[in-house]
Amino acid sequence: MISLLAELSYWQVTSIRVVAGLVAVLLVAGTLVYAHLFKMVSFMQSRLGPMEAGPYGSLQLLAEIGKFLQKEDIVPARADRFVFKAAPFVVLTSTFLLLVVLPGGPDAWFISNDLGVYLAMAVGSVSVIGILMAGWGSASKYSLLGGLRATGQLIAYELPLLLAVVGVVIQAETMNLQGIVLAQAEGEIFGWGAIGNPFILTQFAGFGIFMIAMQAELTQTPFDMPVAESELVTGYMTEYSGLRFLLFFIGEFATAGVFSAIAAVLFLGGWYVPGLDPADNLFNVLGPLVLFGKVVLLTFLVFWVRFTFPRFREDQLQRLAWKFLVPLALANIVVTGVLKVAL
Amino acid sequence: MSLVPGLVKGLVVTGSTIVRTVFPKRGMRTMMPAPSKGAATVQYPHVKEAPPTRARGVIALHEGNCTACMLCARECPDWCIYIEGHKEKAPPRRAGGKPRQVNKLDRFDIDYALCMFCGICVDVCPFEALFWSPEYEFSEPRIADLLHDKERLSEWMETVPDFEDYESGSVAKKLKVPPT
Amino acid sequence: MSSTDTEAPEADAVDASADEAVEALVARLRITLGDALVESDADGGLVWVRVQRDAWADLANCLSHREGFGFFNFLSAIDWMPSPFGREMDSAVDNVLNAVEPGEPAATETGAAGGDTRFQLLARVNDVSTGRSVIAKADLPEDDLRAPSWVPTYPGADWHEREAWEMFGIDFDGHPGLRHLYLPGEFEGHPLRKDYPLLARRVKPWPGLVDVELMPEPGEGGDGKGGAS
Amino acid sequence: MTVTERQQLSYIAAQAADARVNLEIETEGMTLNIGPQHPATHGTLRIVAKLDGEQVVSAEPVMGYMHRGYEKLAEVRTYPQVTTLINRIDWLGSFANEVPFILAAERLMEVEAPPRAQWIRTILFELSRIANITLFLGDMAVQVGAITPVFFAFRDREHVLNQIEAATGGRFHPNFDRIGGLKDDLPAGWVAETRQAMRKIRTFCDQIEELVEGNEIFQARTRGIGVIPADIGLSYGLSGANIRASGVDWDLRRDSPCGLVHDQVDWKVWTHPDGDSFARFWVRLQETREATKIVDQLLDAIPSGPIMAKVPVIIKVPAGEAYVETENPLGVMGYYVVSKGDVYPFRVKIRSASFSNVSITPWLLKGVYVPDIITILGSLYFILGDIDR
């Protein structure tokens, strides 16, 4: 595959990558919306969910998109027009940038950067700026409160997220996400290497912290104070309508998918399934599907929690982050480091 | 405080609801997913739940029994019944008798936009001309169209169910619905 | 209360002791309030006391702090004037509107514990530990509709007094902020006064008025429940 | 009246927060309009909250967006017509609204409903309580952010509503109570179906207990939030589960049963000493369970006989004044009926529970955070129709 790409000219490679990126974001987001938001949650609540559009409502999302596109794009009178209009795109940009470092197979990647983890963590924070822009630019008190909450919360949870990854990086001895997958595929747990070394088994504390921090980063219940329907009436999104709301909506689910993919890469072995040779060319086709499967699994967890739990209050959330998650993550790093050196 | 954290218990409750909805027959024993049976909702225009026979859906008029006595219109809390009538000579019941004077009903309208579905008119009717029907599908796109005349009200007479039996211990008399 | 008690003798005994308790309560109130306590009444578990307007706040104080009636139930008012609009549905009666002498308060017809004026304050407090309760009344002269506020004693009276203020036009001295509660700020009039017309009943003729000759006795449907029982 | 240490501490903390709010950081306040269109206001209550950061400096409820003037409307309606209106006061427990009014009218007329009617009245009264509070249990969870419980509540409330509809013909507005008895007798098979519905409600209560009440996040959000000391609650006129959650053992069903047969069955009044939002939730959860037990016991022993006492065709209520209050789902609801011997009541003062329950909010919301406004409003549990009437 890499040889195939090498023969193409720059613009052809670029367009393939753009299409792949769009498909990866939109298809994943669409699937997650249908499978989790429409169906899983409906079943959880003894309902059927959408059933009319397409078989079992599978085309409902298209209908929703059509509905949003028809709606008027309202900008509040006293809003900061440019900031207000740009905010959803900033949020979506962050999602697409995250995708860049994700490996889908031995050769199926957008860029293979030796600072992949670093890049992912960095661009993951860009969405905060978009959310703050939306909150500020809307000229609505609810939005402002939501935006401020989001900022405080996302900053608080960047740290445990990052610290949770450090353990993985220490164990894999690389910050290249592709390298981390290979390290899990070829690794062994205390000398037993039958299933490789998915870091979820050795870095379970890191995985737990990562999932909690990810839930907060994605502003899903129990950490959904920035949107908080029952308090702030969807917070920073209050004033948005039509296409721009749709972008936020897609961004929410696409980011959930991409973050889950990062979690899958870091802790579940990414595109690798045990028992096969990681260098096998088969993985260039199978890999994205395997990764997708793991993403669905992880997002199921995310949405299961989201629709089961009540939400924290802002101060309780900060307390959880700074008093519990950060120390735990630091301890995890210390233990990992000591074991790494000792073994 | 129990050993199992409440968070986990909550996840179990919602998780098991998913399973029960998708596999309604005794959990997973039959592996055929049948969510439309397991869900508490029904797909309304395709599947309809039958309301109980007593349900106050719409008021049906048995025109033959109505004598335009105005009792229902007077007792209506919302003033939503409009009745007009005139007197008419009718042929005598028995041959050779005197012609009777009957009240003929010209207009019997119920404005369902005003009606509060309290059932007072049905209760006060002394001639058993008004009945409740469980029929509920009579919405209209325009509010003015909710004023239904006596022809429409009489059509609903066909949907009036028979009165149910009473629970044991009751001494109330079971009523009958007159044939349309 | 007594209406549901099945065993009559026991109920009587309960009533007797209850009556004594009521008398004792009224006696205590009379000591505190003196002549300001105008009248009292008791019937089937309900106790009414009527005080002079100036003693309205003292009554609350006394009930709350000395007698232990800690639960503030409600506060409202009654307009005893017969409605000048008749039955509000019969336009024949409505036409006599001007012929009816307006504003003559049927003070002598007022209910329990009597009354002398058109407007009467009405409030109720409970003692939750013993189940006792008192309904308080006070007459308000029509030309000076004001009364001392209960808010210092019962903070819950705040909204009730605002409601009475906008519905009857009664001023409460010492209330922290009498402003509209239900009605829009620019609303004029006092809707619960009897001389305030109910527009819903006046913009439309009563459909029951259409002239049709009476049918042979509507009562023949039996016990009046017609098709139901 | 037990005021626990915890309650006192939270109370002191709230008062301290009140004093502290604008001293710590000198910031310009912000006025936040919560409502009238807001998901947490159950309709159209509006809270004007002055905020300092996310902390409430003062909060003032504004209502009247749904004022229908029932006290005025009742004056031009005959007694049987009034029940049509008052069904719509607390629209989730409509049947319970009719009962005190009918009892007040019966007291003035000096008629008494036959035992069977009293029994069925009590059953329907408790069913409407279950239908009402079931929704609260889900709704409270949705106020603090959990979405699923409210769907469970809607799902299982349906069983109760079906029973109410099967008996009365109306899901929400039964208009089933008549002066002197009931409109109709129960349909065949109703008792067995109701028993089944009660079983389902008990399962629902277990689910809510595990899903919401036992949830650590829910407890963190509700414990110590919105603490109402018993005496303050009483002076504001709080009633029902709100005051029982502050440790006041007062339930009109037990303490002054008038016209209903709660004294014939074995049940318990639940109280909680804490007085916070969690206590209010907990008390209501227990009450729902208790109500299913009451219904079960009553179903076992419905006496046979007529359901209507002898009353005249045209109901004219003798002159007099009567006040009857009952323990409705939301709290004490009473009707002060003044009659002048006409077919219309001369004056009806409606004492609705939510109106008094919500009147404590300006006091209660001082110094709390914005999310706690929603928690406290949710736990006080009001129905807008019951506030605005």
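Chain B holds five helices and five strands; helices (H or I, at least four residues) and strands (E, at least two) are DSSP runs, numbered from the N terminus. This is a predicted model, in which local features need pLDDT of at least 70, side-chain atom pairs count only at pLDDT 80 or more, and totals for chains, interfaces and linings use all residues. Residues are numbered from 1 along each chain as its sequence is written, while chains are lettered from A and ligands numbered from 1 in the order in which they are written.

**Chain B**
- The pattern along the sequence of chain B is α-α-β-α-β-β-α-β-β-α.
- Of its 180 residues, 31% are buried, that is, 20 or more other C-beta atoms, placed from the backbone, lie within 10 Å of the residue's own.
- Two residues are in contact if their C-beta atoms, placed from the backbone, lie within 7 Å.
- Among contacts in chain B with a separation of 6 or more, 63% join residues 24 or more positions apart.

**Where chains B and D touch**
- Chain B contributes 28 residues to this contact and chain D contributes 31 residues.
- On the chain B side, α1 (6-22) and α4 (120-124) each supply at least two residues.
- α1(B) gives the most, with six residues.
- The chain B side divides into 15 nonpolar, six polar and seven charged residues; Ala, Val, Leu, Ile, Met, Phe, Trp, Tyr, Cys and Pro count as nonpolar, Asp, Glu, Lys and Arg as charged, and the others, Gly among them, as polar.

**Helix α7 of chain A**
- In α7(A), 23 of the 32 residues are buried.
- Glu173(A), which follows α7(A), has a positive phi, near 60°.

Terms used
Buried ≥ 20, exposed ≤ 12 C-beta atoms within 10 Å, placed from the backbone.
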